[in-house]
Amino acid sequence: MVTFSDHSPITFQDALPDAVDVVVIGAGVIGTSTAWFLSQRGVSVLLCDKGRVAGEQSSRNWGWIRQQGRDAAELPIAMESINAWESLSKDLGEDIGFTRQGVLFTATTDRELAQFERWLEIAGQHQLDTRLLSGAEVDALVQDKPGQFRGGLFTPSDGRAEPFKAVPALARLLQNQGGLIRENCAVRALDIQAGKVSGVVTEQGRVRANAVVCAGGAWSTLFLANLGIDFPQLTVRATVVRTAPAPNIFDGDAALGEVAIRRRQDGGYTVAASGVNEHIIGADSFRYFFKFLPALRTSARFLRLRPGNHPVQGLLPTRRWREDQTTPFENTRVLNPAPSAAALRRMRAGLARRVPQLANLAFEEAWAGMIDVTPDVVPVMDEVAQFPGLYLATGFSGHGFGIGPGAGRVMADLVLGRPVGHDLSRFRLSRFYDGSKMVPGPGL
Ligand SMILES: Cc1cc2nc3c(=O)[nH]c(=O)nc-3n(C[C@H](O)[C@H](O)[C@H](O)COP(=O)(O)OP(=O)(O)OC[C@H]3O[C@@H](n4cnc5c(N)ncnc54)[C@H](O)[C@@H]3O)c2cc1C
């Protein structure tokens, strides 16, 4: 089993300190990386998770570490990030399966090929090794059914790692370096003094801090709502499968029409279906509908709307609570949605159509995750103007695993007031309120 649940053992249980320099809320890849880089800079940190380290998106993702196809403003951070993954993989003392075997997108239409060509310009501006491939070159890379694709886009320096190992390993490294980590410890609210953040109120007590980083993934909107901040972020359910060991037809990450595959360290594949990301309709779907319209227009064909009881928002969500009240964070320790039967069927059909050698592989495990998405499909990395000392790193919109260590380094330097080395204007929080036009980045 690779998926975490409420029943997974609690492994990080440092005592709650009275005070630290920085509290980080959320021990996914973003929060853990931020805490790691802060700790590297000599700052005392407490990393709190309501559930488990990497319990949500950060262990459930496909494990693609990609620069290819990223938003132009994100690409420099993604490039820094894959280098950070590479060096971390040597320092961790645990094999997290990091390797650079490339990311391959394939095209069956001229329209897709033209899109690839446009992105090549961005790659060229950053000296990335992305290449446009002919159909024959795609066939040479993917050792299965030839003649299906008009061409492809391939970045050999892109990589992969095992998500369910990588973030817990980084958390152990952080702990060995003196960083404090506490699982099953929801942060309920902030302490504010003289208009500035002075700490947090957790379900187990108060901790004083000079700064707080909210890296709450799918829960960030709810956390901010309690502070009176209306933050437009929605979630999309995505289903994933781990197969039995399989012939090695491609050693990297490949999107092959309706199916996506990623070679695993254990000799199987991580498989997903494109076109069946599902949005479960909740109160926020209506609240933020107009903000998400531009993204909906560009990605509607990849999205299915589903009625249901949204696990984060519900239909009548609790958006305000007192510090002494149990919060929604404590009611759902680990967001562990059921996999989608439609997605599983599509994967099976996609494997049979695109990679027949993998068609009959046993699906040994299936799980789903809730992806946090912003209206322009790129994250927020910023200080929250209304609450000096509160920083937000959320909304990584389906690509936060790859960019995680890069984003963590950026956030650490932002908190410390040091130069961050990248232009963060695209990631500012105010873009959702100041009338800026929403220009969606590349889809999920
Ligand atoms: C199915 C799937 C496939 C994906 N594939 C890829 C991929 O191949 N490559 C890629 O780069 N990205 C991928 N992603 C996206 C990537 O996984 C996410 O962008 C990334 O993991 C987000 O990390 P995070 O730390 O922001 O959020 P999360 O990992 O969701 O962590 C947030 C944490 O905050 C905690 N939390 C929330 N509120 C509180 C609170 N009040 N107090 C304490 N703790 C709190 C939660 O318990 C949670 O553990 C995929 C995602 C999914 C779901």
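Modeller: Arg 431 and Asp 376 form a salt bridge, with 2.6 Å between the closest N and O atoms. The model is predicted.

Biologist: Is Arg 431 buried or exposed? And what is the relative accessible area of Asp 376?

Modeller: Buried means under 20% relative accessible area. Arg 431 has 3% relative accessibility and therefore counts as buried. For Asp 376 the relative accessible area is 2%, so Asp 376 is buried.

Biologist: Which residues do salt bridges that share partners join into one network?

Modeller: Arg 41, Glu 80, Arg 409 and Asp 413 are joined in one network.

Biologist: How many salt bridges does a search of the whole structure find?

Modeller: The general idea is that side chains of opposite charge can pair when their charged atoms come close. In this structure, the search finds 28 salt bridges. One of them joins the side chains of Glu 258 and Arg 354, at 2.6 Å from N to O. Glu 258 is in the loop between strand S14 (253-256) and strand S15 (259-263), and Arg 354 is in helix H11 (residues 341-354), so this pair ties together parts 96 residues apart in sequence. Both Glu 258 and Arg 354 are buried. Another salt bridge is formed by the side chains of Arg 70 and Glu 74, at 3.2 Å from N to O. Arg 70 and Glu 74 are both buried as well.

Biologist: Turning to the ligand, which residues around it come nearest?

Modeller: The ligand has 36 residues around it, and those that come nearest are Asp 49, Ser 58, Trp 64, Gly 400 and Gly 402. By class, the shell holds 18 nonpolar, 13 polar and 5 charged residues.

Biologist: How much of the ligand's accessible area does the protein cover?

Modeller: On its own the ligand has 1,000 Å² of accessible area, and the protein covers 97% of that.

Biologist: Which elements give two or more residues to the shell?

Modeller: They are helix H1 (29-40), helix H2 (57-60), strand S13 (234-243), strand S19 (363-373) and helix H12 (400-415).

Methods:
Residues numbered from 1 in each chain as written. Predicted model: local features only at pLDDT ≥ 70, side-chain atom pairs only at ≥ 80, totals over all residues. Heavy atoms only, no water. Near = heavy atom within 4 Å. Areas by Shrake-Rupley, 256 points an atom, 1.4 Å probe, with all protein chains shown as cover. Helix = DSSP H or I, 4+ residues; strand = E, 2+ residues; numbered from the N terminus. Nonpolar A, V, L, I, M, F, W, Y, C, P; charged D, E, K, R; others polar. Salt bridge = Lys/Arg side-chain N within 4 Å of Asp/Glu carboxyl O. Buried < 20%, exposed > 50% of the residue type's maximum accessible area, 1.4 Å probe, protein only.
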